[in-house]
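Subject: Structure for you, with notes

Hello,

Here is the structure, followed by notes on what turned up in it. Please keep it open while you read.

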Amino acid sequence: MKRLLIVVDYQNDFVDGTLGFLKAQEIENNIVNKIKEYQSHNDEVVFTLDTHYENYMSTKEGENLPIPHCIKGTKGHELYGKVKDLAKGHLLIEKETFGSKDLFKYLEDKEYSSIELIGVVTNICVISNAVIVKTLHPNTEILIDASCSSSNDEVLERKSLDILENLHIKVINK
């Protein structure tokens with residue numbers, strides 16, 4: 001049975017764009033190595049893309065986070081750096097909010113030996129999608145690699161990793 005790696009929102013706007021932060025840049029090589037490891041074992045790799053449109057500022061998220069980001073068709077929406085090339089030939093799932101209903105639908109009838117999530121932002125989209133995955137696959141080992149995930153708020157990142165562990169999601173490389 002294959003393993004699954006989910007790379008959450010490793011996009012330009014979250015790394016060096018409008019919502020970018022240094023720690024997101026620093027984990028690029030870890031993410032690249034993790035993707036290559038899964039590819040070398042012929043395991044599945046899926047990417048989520050935070051996706052917004054020109055009307056972002058009139059959305060509920062735009063009201064709460066009034067910084068346009070990941071607008072479809074812009075450089076900010078694209079995957080960052082070397083990850084962009086590694087994503088070729090893999091499933092890209094666009095999502096308009098923190099957790100992805102399309103990821104839920106995609107995973108609904110699939111089985112894996114383990115499912116690992118990496119990416120940004122740990123305390124928002126990574127945790128949201130990890131809960132979705134755990135809901136669908138309660139008896140599958142779910143992992144978060146802390147060396148391949150980051151947040152612009154270290155306190156919230158630590159708290160999120162603690163919450164994930166409390167939900168029986170294994171946090172590695174903490």
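Lys 2 counts as partly exposed because its relative accessibility is 41%; buried here means under 20% relative accessible area, exposed means over 50%, and partly exposed lies in between (1.4 Å probe, protein chains only). Lys 2 sits in the segment before strand 1. Lys 2 and Ser 113 are 111 residues apart in sequence, yet their C-alpha atoms are 5.9 Å apart in space.

Some ground rules before the rest. This is a predicted model, in which local features need pLDDT of at least 70 and side-chain atom pairs count only at pLDDT 80 or more, while totals for chains, interfaces and linings use all residues. Residues are numbered from 1 along each chain as its sequence is written, and side-chain values use heavy atoms, with hydrogens and water left out. Helices (H or I, at least four residues) and strands (E, at least two) are DSSP runs, numbered from the N terminus.

Salt bridges

A search of the whole structure finds 15 salt bridges, each being a side-chain nitrogen of Lys or Arg within 4 Å of a carboxyl oxygen of Asp or Glu. Side chains of opposite charge can pair when their charged atoms come close.

One of them joins Lys 95 to Asp 9, with 2.8 Å between the closest N and O atoms. Lys 95 is in strand 3 (residues 91–95) and Asp 9 is in the loop between strand 1 (4–8) and helix 1 (12–15), so this pair ties together parts that are 86 residues apart in sequence. Both Lys 95 and Asp 9 are buried.

Lys 23 and Glu 157 also meet through their side chains in a salt bridge, at 2.8 Å from N to O. This pair links distant parts of the chain, with Lys 23 in helix 2 (residues 22–26) and Glu 157 in helix 8, 134 residues apart. Lys 23 counts as partly exposed because its relative accessibility is 28%, whereas Glu 157 is buried, with a relative accessible area of 5%.

Asp 145 and Lys 34 form a salt bridge through their side chains, again at 2.8 Å from N to O. Here too the pair links distant parts of the chain: Asp 145 belongs to strand 5 (residues 141–150) and Lys 34 to helix 3, 111 residues apart. Asp 145 is buried, as is Lys 34. Salt bridges that share partners also join Arg 3, Glu 37 and Asp 43 into one network.

The largest pocket

The largest pocket has a volume of about 280 Å³. A pocket is an open set of points, on a 1 Å grid over the protein atoms alone, where a 1.4 Å probe fits, with protein on both sides within 12 Å along at least five of seven lines; lining residues have an atom within 4 Å of a point. The volume is the space filled by probe spheres set on the points, which are joined across faces, edges and corners.

Which residues lie nearest the centre of the largest pocket? They are Phe 14, Leu 19, Leu 65, Val 121 and Ile 124, out of 17 lining residues. The lining divides into nine nonpolar, five polar and three charged residues. In this count Ala, Val, Leu, Ile, Met, Phe, Trp, Tyr, Cys and Pro are nonpolar, Asp, Glu, Lys and Arg are charged, and the others, Gly among them, are polar. Helix 4 (60–64) and helix 7 (122–136) each supply at least two lining residues, and helix 7 gives the largest share, three residues.

Backbone points

Cys 70 has a positive phi of about 50 degrees although it is not a glycine. Cys 70 lies in the loop between helix 4 and helix 5 (81–86) and is buried, with a relative accessible area of 0%.

His 168 is not a glycine either, and has a positive phi of about 65 degrees. The place of His 168 is the loop between helix 8 and strand 6 (170–172). His 168 counts as exposed because its relative accessibility is 64%.

Regards
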